[in-house]
Amino acid sequence: MTDAALKSGANAGSLTDHREGMAYLETLPRKLVTVYMPLAIILFVLLFPFYWMVITSIKPDSQLLDLENSNPLWVSQPTFQHIYKLLFDSAYPRWLLTTMTVATAATFLSIFASVLSAYAITRIRYKGAATVGGLIFLAYLVPPSILFIPLSAVIHAYGLFDTPFALILTYPTILIPFCTWLLMGYFKTIPYELEECALMDGASRWQILTKIVLPLAIPGLISAFIFAFTLCWNEFIYALTFISSDHNKTVPVAIISNFVDGDIFRWGSLMAGALIGSLPLVILYAFFVEHYVSAMTGAVKE
Amino acid sequence: MAAGSFAAPPETTAWSRLMVNRNWLGFWFMVPTMIFLVFFLAWPLLLGMWMSMTDMRIGRGGVFIGLENYQYLLEDSDFLNATAFTLVYTAVASVVKFAVGLYLAILLNNHMPFKAFIRAIVLIPFIVPTVLSAVAFWWIFDTQFSIFTWLLQKAGILAKGQYINWLGDPFLAQCSVIFANIWRGIPFIAITLLAGLQTVSPSLYEAATLDGASGWQRFRFVTYPLLTPIIAVVMTFSVLFTFTDFQLIWAMTRGGPVNATQLMATLSYQRGILGGRLGEGAAIATAMVPFLLAAIMVSWFGLQRRKWQQGESND
């Protein structure tokens, strides 16, 4: 992929660079050494583990553990047995379903709460709104690795231990601060005059929010959704601590704990599991990449 | 931000009634957020601090023992080593992530074919759940079947049948986990800094070049000052999340070999949850707080100072 980009880069070259200020000063060979080569190397390093994951998950066991007679970088007889076993012979679909349910529920809860709080902070501007905004931002800086021990006590006390609710209710503490800040940025860009007119016409705040603000903030809502969903999928320490039974596990936790029999690692299944577990996010990302990148950079610039 | 950015609306009865109710209205809108953040964040945070001063264990409540847990930890070599490694892990990984991330951002800021596509695939290591990519690294650093070992053998640097114990040797294991952390962190930093770079007007570079500035001088005196605010924010996040990392270590080494890659978070899990000594685990977790506050303060005051130097009007 990068090779192709490199080659066509060599053909099209800097001739097409009319927009960049001083690009005409850069000759092609110079750009090849200063830009394309280092870029290709970094991209190679960033993507290699995924290639390695794919190749391992379709390699027959005989080739997997025999580095003498086969080239580990290539598969001569690809097999889908690891993937087949994973999907039809293990609890993997169940884990995927759990992860999906938890992530979706936690995401919707968080977005509901974040929309309300972001709207209240940016638009209703009640007394102390700025302080509350600051506190919510601080909440984002409290990492789960500080909270998981007391939270596990809380989860036990509420009777939620080993249920999906333990995760659905705790993930929003990570997601709400993030989504609130993201949505605050979007709400600020919506002209206030629109709301003022509606207020004068007697619309309630709730009507303004659902009929005027939210339709205009749809790009922001999509970004918040993708981010929240990705964060849920990535969460590990809460899922590891609050869930004990096999069938309630999320994919990351199950991958770590269920694919190792003593000292025997089932690398093929392990890699297939990691690969399939990443796919939903990669697909989601592929569809909304523009939202993703702009929201990520926007959220930090705030 | 919150007040005074709009002209006062004309006085009507409906509007003034709303002004009276505004605080209550704001309160009702904040209720769902507050429920989550109070019950599952603020309360556990306080509870954690209290637990760190008890001898609570799984299955039985604890009694207040003051700072005994902390006293014990200060004499515990495992805790001290974990703290030291957490600091090294954070420092090395953050510095390298920043350097490579900035370099990658500058490379991506060049005009090139398939620009959007390349930028999109750069982010993939950041999208994929950490544990799942950490599992790939676990396999990449496998003792017998590591691809690195195979390459070194093929290149004749290693003799046939000779292995490198990547995750079994304390020092190599430390290097391996730091490498994996850097790998995962680069995309986020690169893409964010790229966004910052794109706000820098090309005419500034042209002017600097006409004045005879070298490439390094253009970076040092044009790019860097304009990028400082975004660097401060990105690096605060990066340091914070590297310092409290858990999943990468847990997936690759579980703190081993002989506690060499133990971070404070993993030690806290091991003592608190696996070992059942909740009080001690909570104390280890709480011990991270001062470090985190320090990291936040540094960037906060760093930003304030810059604003003061440049004058607020520059924004």
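Helix α15 of chain A runs over residues 267-287, which makes 21 residues. From its first C-alpha to its last, α15 reaches 30 Å, close to the 30 Å expected at 1.5 Å a residue. The model is a predicted one. Within α15(A) there is also a kink of about 35 degrees, located at A:Leu279.

The next topic is the place where the two chains meet. Chain B brings 106 residues to the contact, and chain A brings 111 residues. The area buried between chain B and chain A is about 9,900 Å², and carbon and sulfur atoms give 80% of that area. Three residues of chain B stand out here: B:Phe29, B:Phe40 and B:Trp139 supply 9% of the area that chain B buries against chain A, more than any other three residues.

What kinds of polar or charged pairing does the rule find across the interface of chain B and chain A? It finds 0 salt bridges, but 12 residue pairs are in polar contact, both residues being at pLDDT 80 or more.

Which helix gives the largest share of the side of chain B that touches chain A? Helix α1 of chain B, residues 13-51, does, with 21 residues. Sorted by type, the residues on this side of chain B are 79 nonpolar, 19 polar and 8 charged.

Key:
Residues numbered from 1 in each chain as written. Chains lettered and ligands numbered in written order. Predicted model: local features only at pLDDT ≥ 70, side-chain atom pairs only at ≥ 80, totals over all residues. Heavy atoms only, no water. Helix = DSSP H or I, 4+ residues; strand = E, 2+ residues; numbered from the N terminus. Expected span 1.5 Å × (residues − 1). Bend = angle between axes of the 7 residues up to and from the residue. Contact = heavy atoms within 4.5 Å. Buried area = accessible area lost by both parts, 1.4 Å probe. Salt bridge = Lys/Arg side-chain N within 4 Å of Asp/Glu carboxyl O. Polar contact = N/O pair within 3.5 Å; in protein donor to acceptor, adjacent residues only side chain to side chain. Nonpolar A, V, L, I, M, F, W, Y, C, P; charged D, E, K, R; others polar.
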